[in-house]
Amino acid sequence: MEKILVLDFGGQYNQLIARRVRDQHVYAEIRPFGKMTPESIAKEGYKGIIFTGGPNSVYDPASPHFDPKVLELGIPVLGICYGHQLMAWMAGGDIESAAASSEYGRIEFTAGDSPLFKGVPRKSICWMSHTDYVSRVPEGFSVIASTDQCPCAAMSCDEKRLYGVQFHPEVTHCQFGTQILHNFLFDICGCAGDWKMADFVETSVRELREQLAGKRVLCALSGGVDSSVAAVLIHKAIGDDLVCVFVDHGMMRKNEGDEIERALGRRLGVNIIRVNAKDRFLSKLAGVSEPEKKRRIIGEEFIRVFEEEARKLGRIDVLAQGTIYPDVIESGRGDSAVIKSHHNVGGLPSVMDFEEIVEPLRYLFKDEVRAAGIELGIPHELVWRQPFPGPGLGIRVTGEITEEKLEITREADAIFREEIESSGMRSQVSQYFAALLDARSVGVMGDARTYGRTVVLRAVTTDDFMTADWTRVPYEVLERASSRITNTIKGVTRVLYDVTSKPPATVEWE
Ligand code: XMP
């Protein structure tokens with residue numbers, strides 16, 4: 001299988017580089033520079049190498065360096081940002097640092113005549129983030145692009161197929177970044193571009209089979225797409241040596257628990273233990289209405305139930321998790337303020353003892369995970385399920401959680417989802433659900449006064465869930481949902497639509 005090596009020097013966009021390469025149907029794998037040598041690279045048979053950016057200066061002795069022999073392997077190399085400077089440095093060029101030459105953000109650059117810039121206009125916008133710059137290109141290289149501040153925005157040695165760009169072609173702000181990467185992959189490295197998600201599945205299954213041979217693996221299923229895909233992938237590799245525990249806390253959406261059991265268990269043969277722990281959760285939550293306290297109780301109880309089940313299973317060597325790449329970035333984000341104590345299965349290892357953790361999706365983005373799910377035969381509805389928080393309806397029932405309030409929320413949510421889906425606008429909405437207010441309001445039904453419950457419908461549109469806008473759902477859709485909810489769910493007398501974005505609100509109500 002043809003593949004590209006993304007040699008990681010510690011830059012922040014490394015996964016994005018790999019992602020952009022995979023987008024062009026060429027497999028890319030990221031390897032830390034310290035784990036590779038020119039010899040091991042040559043042995044792997046890469047079609048090309050990309051040196052990533054990094055936070056360092058090549059003159060700093062502590063900064064990552066690499067054996068210059070890598071430039072003599074005959075494999076095309078593209079250096080990006082720090083990778084570009086490092087390549088210049090390794091080949092005998094000069095790097096300088098000057099605050100006056102710093103460039104951050106969108107910058108216009110002028111491209112010269114080079115195979116790297118085929119189809120790129122002479123002037124276009126790139127994305128820069130640097131202080132150091134290449135002040136003299138190495139012998140055999142020529143400057144192929146510049147900006148007002150940066151005399152060498154790109155360089156090349158066509159004969160050895162070595163290229164360096166000071167800017168970041170992988171970020172979307174770089175107008176012709178995709179074209180530049182395409183030129184490198186296809187025209188310079190000679191890739192065929194025949195990689196498919198099926199290849200990822202096949203390779204992962206093979207590697208997992210080797211890595212997990214003779215081991216017993218436990219996976220916590222949350223019902224979300226990530227843990228489902230991870231479980232099915234591992235199941236394909238090691239069959240019944242994988243056991244999945246699905247803790248049903250009684251705060252799932254309508255029919256959700258059964259659907260997961262049916263789709264993964266009965267259809268795909270994954271070994272699932274479903275623990276119906278509703279009563280346990282509800283008794284712990286009785287009388288509690290403070291949102292953070294509710295979240296903490298649900299999170300903790302989840303761990304207790306999971307631990308008890310794991311103990312019953314006897315020897316378990318490995319914990320499997322559906323961590324995906326954005327989780328990896330977010331968990332490394334440091335000490336930003338806790339807005340809500342998020343709960344998901346990612347919280348488990350800190351309280352449990354496992355020899356090993358396996359995270360087969362940690363380099364994939366959400367849409368890639370979905371593509372892998374489809375490839376593995378997971379039903380479309382499950383793969384395209386909208387995100388659902390770990391604490392479930394528990395944070396959509398405001399105030400104290402009771403069985404009655406959960407049931408109302410579950411029914412209202414099912415109706416609203418059906419209406420959104422049958423209106424054909426599902427793909428325009430990122431998340432849509434019903435929540436239940438703690439407040440009652442007066443109504444009239446028949447000729448009698450009522451004092452019933454209030455349902456809130458929420459639909460948001462967002463790319464990353466860090467910020468979100470409320471979705472302009474057509475009145476007719478809201479009208480149908482509202483009348484079905486009040487007509488069919490006993491005790492509901494009022495339906496509201498939430499027109500607040502995030503910030504100032506959050507997506508969930510608690
Ligand atoms: P908020 O309410 O923080 O939600 O604006 C942003 C996104 O995160 C989901 N969410 C959670 N997901 N565990 C999860 O796995 C949680 O505790 C949790 N709380 C919120 C929410 O559904 C939305 O997609």
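Me: What residues of α5 and α11 meet?
Reply: Met-197, Ala-198 and Val-201 in α5 meet Glu-368, Ala-371, Ala-372 and Glu-375 in α11, where contact means heavy atoms within 4.5 Å. By class, these residues divide into five nonpolar, no polar and two charged (Ala, Val, Leu, Ile, Met, Phe, Trp, Tyr, Cys and Pro count as nonpolar, Asp, Glu, Lys and Arg as charged, and the others, Gly among them, as polar). The model is predicted: local features need pLDDT of at least 70 and side-chain atom pairs pLDDT 80 or more, while totals for chains, interfaces and linings use all residues. Residues are numbered from 1 along each chain as its sequence is written, and side-chain values use heavy atoms, with hydrogens and water left out.

Me: Why is α5 called roughly perpendicular to α11?
Reply: Helix α5 (residues 197-211) and α11 pack at about 75°, and their axes are 9 Å apart. That angle makes α5 roughly perpendicular to α11, since the term covers 65 to 115 degrees, whereas under 35 is roughly parallel, over 145 roughly antiparallel and the rest oblique. Axes are lines fitted to C-alpha atoms, for helices over the stretch in contact, with angles from 0 to 180 degrees between N-to-C directions. Helices (H or I, at least four residues) and strands (E, at least two) are DSSP runs, numbered from the N terminus.

Me: What makes α6 oblique to α11?
Reply: The axes of helix α6 (residues 225-238) and helix α11 (residues 366-375) come within 10 Å and cross at roughly 45°. It is this angle that makes α6 oblique to α11. The crossing of α6 past α11 is left-handed; left-handed means that the near helix is turned anticlockwise from the far one by less than a right angle, and right-handed that it is turned clockwise. Val-225, Asp-226 and Val-229 in α6 meet Lys-366, Val-369, Arg-370, Ala-372 and Gly-373 in α11. This contact has four nonpolar, one polar and three charged residues.

Me: How do you know that α5 and α6 are oblique to each other?
Reply: Their axes come within 8 Å and cross at roughly 60°, and α5 and α6 are therefore oblique to each other. Here α5 passes α6 in a right-handed crossing. Phe-200, Val-201, Ser-204, Val-205, Leu-208 and Arg-209 in α5 meet Leu-233, Ile-234, Lys-236, Ala-237 and Ile-238 in α6. Eight nonpolar, one polar and two charged residues make up the contact.

Me: Why is the pair of Tyr-59 and Trp-89 called edge-to-face?
Reply: Rings of Phe, Tyr and Trp (its six-membered ring) pair if their centres lie within 6.5 Å; planes under 30 degrees apart are stacked, over 60 edge-to-face and the rest tilted. The count by this rule is nine aromatic pairs. For Tyr-59 and Trp-89 the ring centres are 4.9 Å apart and the planes stand at 75°, so the pair is edge-to-face. It links distant parts of the chain, 30 residues apart: Tyr-59 is in the loop between β3 (48-51) and β4 (77-80), and Trp-89 is in helix α3 (residues 82-90).

Me: What is the phi of His-25, and where does the residue lie?
Reply: Most residues other than glycine have a negative phi, and most peptide bonds are trans. Phi of His-25 is near 65°, a positive value in a residue other than glycine; His-25 lies in the loop between α1 (14-23) and β2 (27-32).

Me: Which residues does a cis peptide bond join?
Reply: Lys-502 and Pro-503 are joined by one, with omega about -15°, and Pro-503 and Pro-504 by another, with omega about 10°. Pro-503 is placed in the segment after β20 (492-497), and Pro-504 lies in the segment after β20.
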